[in-house]
Amino acid sequence: MGSVTELEAFLARLSREPDIDAPELQAYDAADLLLLDAARSLKLRDGDVVVVGDRHGALTLGLLHETALRGLRVHQDGVLGERALTSNATRVLGASPAQQTELFQHHPLGSSLFGGATLVVMQLPRSLSELEEIAWHIATHASPDVVVIAGGRDKHMSHSMNERLGRYFGEVTASRGWRKARMLTARGAIRPLGDPPFALHARDPELDFDLFAFGATFGGTAFDHGSRLLVQTLRERPPSPDPTHIVDLGCGNGVLAVTAALQWPRARVLATDQSAAAVAATKLTAQAAGVADRVEVHRADATDSVPTGWADLVLLNPPFHTGATVHTAVAHRLMRAVPRVLQPGGELRLVFNSGLGYRPLVERIIGPTTQLARNRTFTVLSSIAR
Ligand SMILES: C[S@@+](CC[C@H](N)C(=O)[O-])C[C@H]1O[C@@H](n2cnc3c(N)ncnc32)[C@H](O)[C@@H]1O
């Protein structure tokens, strides 16, 4: 490891905003430092370097800070990560929007991102299927001599990651550990034959439609246990009168949006998620269930894409972690975004881990709240907007 003091001082100036911010959470980690240090000794050509999974801009801005590179291609699954990168570029580099376009551009996973790339610098995703999906795209679209450096923290890494990369690269090696992080290097891309191994889909016995998922879709193709309890309350204690304007906030694989569209055939459903993989999955789930004409899907933070006072029902199964960190602030952010979009008399139907005790908050910001169900793990509440 070369000298990291100056680089680390630069990264320490980055902020996680607008992603949740808290003193114990920082905008870079040891894996970012390892990757940036390794990139110093690799061949870097303008336009041929790709960054994947950058959380808040540390990799992209670190590369721009360390080198004279231009035209970085960047993929971040989440809208909040994209916004953090942009606002850090403005604040720390002083780059205007036009200058930022010269420095880096956002791309979806695919040929526009990886076409002809010679170096991919990435934070290892937590899910193996996300890693496989990224590796498939790199091996399919990048230059045959592409080098991939992928970093992660030891506690989130496993040998299965080497194996997944090994399906698409002839050589995969691991670095020594440093500050409880390490780096995998993959070379010798093996062009995959046949169709991409995603989107995945599966049918849960309690549903009469398939759930679709890409690698980064929260929960994959599974019917989440919290959502299961929420859906049970929709069947047993449906809102009255029938809802006509429904929001699925944080739609994941689309299970709640599609359940609602099937239960209320005259309703319009707006499904929204900050994750590109969730949005793509929900579209497929809705198409396969034959309700795509009534399920509109948006990639946006919280309720940003929902008009004020539009909804008479909001369905919410909020996450209780951000990245690898357990943190209730993400759920708070989503709950606080609900009152603006609910009509007076409209309902928030919320499921959460019972230990989290969100009831006082929703009672205060939305209105009178009733517990509709509770099992060993989850609670479902109904809050009616004042
Ligand atoms: C627990 S999952 C629920 C997924 C699906 N609704 C279900 O019930 O299986 C929470 C979802 O919230 C999304 N999410 C997290 N933060 C968000 C934000 N700020 N804005 C929109 N969606 C967000 C995540 O990407 C994830 O898909």
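**A ligand shell, a buried helix and a helix pair**

Reader: How many residues surround the ligand, and which are the closest?
Author: This is a predicted model, where local features need pLDDT of at least 70, side-chain atom pairs count only at pLDDT 80 or more, and totals for chains, interfaces and linings use all residues. Residues are numbered from 1 along each chain as its sequence is written. The shell has 21 residues, and the closest are F218, S227, G250, G252 and N317.

Reader: Which elements give two or more residues to that shell?
Author: Helices (H or I, at least four residues) are DSSP runs, as are strands (E, at least two), numbered from the N terminus. The elements are α10 and α12 (329-336).

Reader: Why is helix α10 largely enclosed by the rest of the structure?
Author: A residue is buried if 20 or more other C-beta atoms lie within 10 Å of its own, with C-beta atoms placed from the backbone. V255 and L256 are among the buried residues of α10. Helix α10 (residues 255-263) is largely enclosed because its buried residues number 7 of the 9.

Reader: At what angle do α2 and α3 pack?
Author: Axes are lines fitted to C-alpha atoms over the stretch in contact, and angles run from 0 to 180 degrees between N-to-C directions. The axes of α2 (residues 30-39) and α3 (residues 58-66) are 10 Å apart. Their angle is about 35 degrees.

Reader: Where is confidence lowest in the protein?
Author: Confidence is given by pLDDT, from 0 to 100 for each residue. The protein averages 95. The lowest mean, 54, belongs to strand β15 (residues 325-326).

Key. Buried ≥ 20, exposed ≤ 12 C-beta atoms within 10 Å, placed from the backbone. Near = placed C-beta within 6 Å. pLDDT = per-residue confidence, 0-100.
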